Amino acid sequence: MSAKTADRIATAVIIAISALIVLLLAGLLGYILFRGVPHISYHFLTSGPQTIKAGGGIGPQLFNSLFLLVLTLIITVPLGLGAGIYMSEYARPGKLTDTIRLIVEVLSSFPSIVVGLFGLLVIVNVFGLGFSLFSGALALTVFNLPLMVRITEQAFKGVPREQKEASLALGLSRWKTITSVMLPIAMPAIVTGTILASGRVFGEAAALLFTAGMSSPRLDFTNWNPLSPFSPLNPFRPAETLAVHIWKINSEGLAPDASQIAAGASAVLIIMVLIFNFSARWFGRYLHRKFTATK
């Protein structure tokens with residue numbers, strides 16, 4: 001077999017595999033959206049769920065998911081950014097750095113159910129935070145922190161070495177070089193990775209079953225006191241997220257339209273994840289054009 005023939009066969013196989021993966025993904029997304037989109041309405045997105053009656057919605061669960069996402073990013077982004085900068089710019093090559101990098105890689109491969117059990121034992125029981133949004137945010141921080149560290153480290157390593165050396169040669173300190181020269185260049189990749197990690201947080205269920213809980217108090221959206229147990233802004237209340245609600249409806253739902261509610265909630269979840277992914281790509285390109293002055 002000639003080299004050209006082997007190259008054409010290998011190219012055809014790779015294209016066929018890629019097309020198969022795209023078709024499987026498109027079929028899965030199409031099936032979920034086809035079943036769920038007809039059940040989405042304003043009432044469905046804003047009303048509360050029903051236990052045994054038809055006509056329930058996903059309003060509190062949708063709000064809990066968005067609130068949990070904000071809490072998780074508030075904790076994860078500073079920790080991940082700081083750790084990534086340390087690994088990229090301050091850590092010296094050696095056994096300690098290799099050990100830290102190994103720990104990060106091992107932590108990133110943990111199943112989410114294991115992270116949830118860790119959160120139940122340590123965060124919920126040992127620290128006494130109970131089933132709450134804050135406990136869920138801490139568990140998801142453990143789940144997403146390795147991703148943020150790797151994204152930040154790779155983004156800073158992608159900054160041209162000449163720009164870093166030119167800044168240091170002009171007399172700027174290392175920290176000033178990082179914040180004024182390297183961070184703006186690395187920011188598009190960091191923001192893109194952060195938004196993609198947000199999509200993972202929004203769709204996570206296993207880790208939240210044991211930390212955020214599987215029920216929510218009846219929320220009063222006119223009560224904005226974060227210390228009230230019925231306030232939607234209270235981070236220390238139990239909270240059932242959208243992904244957990246889908247699992248609960250499919251496993252033990254008693255409402256006569258439980259299958260329609262699960263289908264609609266699944267479609268909303270898929271749409272939100274797609275919005276996060278497309279937003280990440282658009283915002284990353286926008287920041288890249290702004291910081292690099294390219295068209």
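Select Leu-147, which lies in helix 6; helices here are DSSP runs of H or I with at least four residues, numbered from the N terminus. The model is predicted, and local features need pLDDT of at least 70, side-chain atom pairs count only at pLDDT 80 or more, and totals for chains, interfaces and linings use all residues. Residues are numbered from 1 along each chain as its sequence is written, and side-chain values use heavy atoms, with hydrogens and water left out.

**Stop 1: Leu-147**

Leu-147 counts as buried because its relative accessibility is 18%. Buried means under 20% relative accessible area, exposed means over 50%, and partly exposed lies in between, with a 1.4 Å probe and protein chains only. Leu-147 is in contact with both, when its neighbours within four places in sequence are left aside; contact means heavy atoms within 4.5 Å. Leu-147 and Ala-197 are 50 residues apart in sequence, and their C-alpha atoms are 7.4 Å apart in space.

**Stop 2: a network of salt bridges**

Then show Arg-101 and Lys-157, which are linked with Glu-153 in a network of salt bridges. A salt bridge is a side-chain nitrogen of Lys or Arg within 4 Å of a carboxyl oxygen of Asp or Glu. Side chains of opposite charge can pair when their charged atoms come close.

In the salt bridge of Arg-101 with Glu-153, the closest N and O atoms are 2.6 Å apart. Arg-101 belongs to helix 4 and Glu-153 to helix 6, so this pair ties together parts that are 52 residues apart in sequence. Lys-157 meets Glu-153 at 3.2 Å, N to O. These two residues, Lys-157 and Glu-153, are four residues apart in helix 6, so about one helical turn separates them. Lys-157 is partly exposed, at 48% relative accessible area, and Arg-101 is partly exposed at 28%.

**Stop 3: Lys-164 and Glu-89**

The structure holds four salt bridges. For another of them, select Lys-164 and Glu-89, whose closest N and O atoms are 2.7 Å apart. This pair links distant parts of the chain, with Lys-164 in helix 7 (residues 161-169) and Glu-89 in helix 3 (residues 59-90), 75 residues apart. Glu-89 is buried, at 11% relative accessibility, whereas Lys-164 is partly exposed, at 27%.

**Stop 4: helix 5**

Select residues 112-126. This is helix 5, whose 15 residues reach 20 Å from the first C-alpha to the last, close to the 21 Å expected at 1.5 Å a residue; the expected span is 1.5 Å times one less than the number of residues. Where does helix 5 bend? Helix 5 bends by about 35° at Gly-119, the bend being the angle between axes fitted to the seven residues ending there and the seven starting there.

The buried residues of helix 5 are Ser-112, Val-115, Gly-116, Gly-119, Ile-123 and Val-124. Their cover includes helix 6 (133-157) and helix 9 (206-209). After helix 5 comes Gly-128, with a positive phi near 70°.

**Stop 5: Phe-110**

Finally, select Phe-110, in the loop between helix 4 and helix 5. Phe-110 counts as partly exposed because its relative accessibility is 37%.
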